[in-house]
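Reader: I am new to this structure and would like a close look at a single part of it, the place where the two chains meet. Could you take me through that part slowly, in one connected account?

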Amino acid sequence: MSQHVTDAVVLNSIDFGESDKILTFYTLAFGKIKGIAKGAKRSKKRFGINLEPFSLVRLHFFEKKEDSLVRVSACDLINAFQGIRDDLFKIAHGSYMIEVVEKMAPERERHPELFRLLTDFLGILEERGMNEDLLRVFEIRLLDDLGFRPHLSDCVTCHRPFARSIDIRFSPEKGGVVCRGCARALLQTMPVSMGTIKTLEMALKIDPLKVPRLVFNRDARDESKNILRGFIRFHIGKELKSLEFIEKIKDIK
Amino acid sequence: MNSLKCVATLVKELSRLPGIGEKTAQRLAFHILKLPKVEAESLARSIVDVKEKVKICSRCFNITEEDPCQICRDSNRNEKQICVVEEPHDLLAIEKTGIFKGKYHVLQGSLSPLDGRGPDDIRVRELLDRLKGNNVDEVIIATNPNNDGEATAHYLTKVTKSLGVKVTKIAQGIPMGGDLEYADHVTIGKAIEGRREI
């Protein structure tokens, strides 16, 4: 039985039995892990808000060889990102961010840069709120950190460079942009312009501190939303619940 | 052999209940086997009774045997105050205090971004209809202090305030018998924010 301590963001928390909780964390040292907190519902002293989604905690856990779930022994709160919980739309967008990480990240695969991306963006969400452009930066960087960086430099199939925007399509299946000729053989492709590709390349390079300053033009906003959401949906295999929720509350003022 | 089949069916049925694993179900089944027949029949009847007699109150959506429920029918309770809770067991918890003398509205759930549960999936529209039709002075939001409960509270605040109704939320902070030193800084912060003059 080995004891571990690592920083972690709570991605999901489900009640289990009389007083336990099953939790999913994204940790700095171990990537995504699932665990059980025994007696968590009874002991507010031990856990409290520390087991709610968004919380950044110092997680103490141990493993038993025969169990797939780790045992959570303690969670010390580092940052509750309370500002997110104080606003309906921040809760909705924060839920989308943690749901994408939960669904995309494989278990026990360490990606410290993804951990930093998530905590940085939870901080931005808490302080400034979220907009579509910031979500696109989050999505493309998450894909990059997990090894799914979309191929944007030339046709992912025949490697010919593009001469005009009209020639370019995006293929979720191929994981990048394809020329018009190669797109004919593919089932699902989406239009994308040269300008959008440049904006996405910039989103991958920009200093995290300058991220809130990046502004997409109208075409880049629509196209990048279409291709990145399509790409994520292709990998997950279904629509995310938090996106359904955002759709359901979008008309509230 | 037949009797073993019955026991196996009982274990299977019990293990479908929340929080009951197969071992606990087996222990419960053997306990039921040892019960006097009259007690076992009483248990079985009570299960059938709740399914046959319990319904949802058409005004507040609490569980009840008579529609409208006893609380909605009670003319001594203040109709101008409506306390909004997520589930019937939350209503019971507030009723046990004996302090609240208004009426209730049970949402039968909460908004949940991670489960994709939106306003149309719980009894929000019915609450708004009640507020439009009655002379309600105050809506007290008593959702759970977790992310789903907070999302629900923010949503209700937005939609009920637009109707010109006063909206309040139950206080958050240090529980009775708790220790400040063990409370997290969010809870202490909420307690300081919600302090009142004594």
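Author: In this predicted model, the area buried between chain A and chain B comes to about 2200 Å², and carbon and sulfur atoms give 66% of that area. The size of an interface is often given in this way, as the accessible area lost when the parts come together. Counted by residues, the interface brings 31 residues of chain A into contact with 25 residues of chain B.

Charged and polar groups also take part in the meeting of the chains. The rule finds two salt bridges across the interface of chain A and chain B, and a salt bridge joins the side chains of D86(A) and K190(B), with 3.5 Å from N to O. Across this interface of chain A and chain B there are, by the rule, eight residue pairs in polar contact, with both residues of a pair at pLDDT 80 or more.

If one now turns to the side of chain A that touches chain B, several elements of chain A each supply at least two residues to it, namely the strands β1 (2–16) and β5 (70–79) together with the helices α1 (82–85), α2 (88–104) and α8 (241–249). Sorted by class, that side of chain A has 14 nonpolar residues, ten charged residues and seven polar residues.

Terms used. Residues numbered from 1 in each chain as written. Chains lettered and ligands numbered in written order. Predicted model: local features only at pLDDT ≥ 70, side-chain atom pairs only at ≥ 80, totals over all residues. Heavy atoms only, no water. Contact = heavy atoms within 4.5 Å. Buried area = accessible area lost by both parts, 1.4 Å probe. Salt bridge = Lys/Arg side-chain N within 4 Å of Asp/Glu carboxyl O. Polar contact = N/O pair within 3.5 Å; in protein donor to acceptor, adjacent residues only side chain to side chain. Helix = DSSP H or I, 4+ residues; strand = E, 2+ residues; numbered from the N terminus. Nonpolar A, V, L, I, M, F, W, Y, C, P; charged D, E, K, R; others polar.
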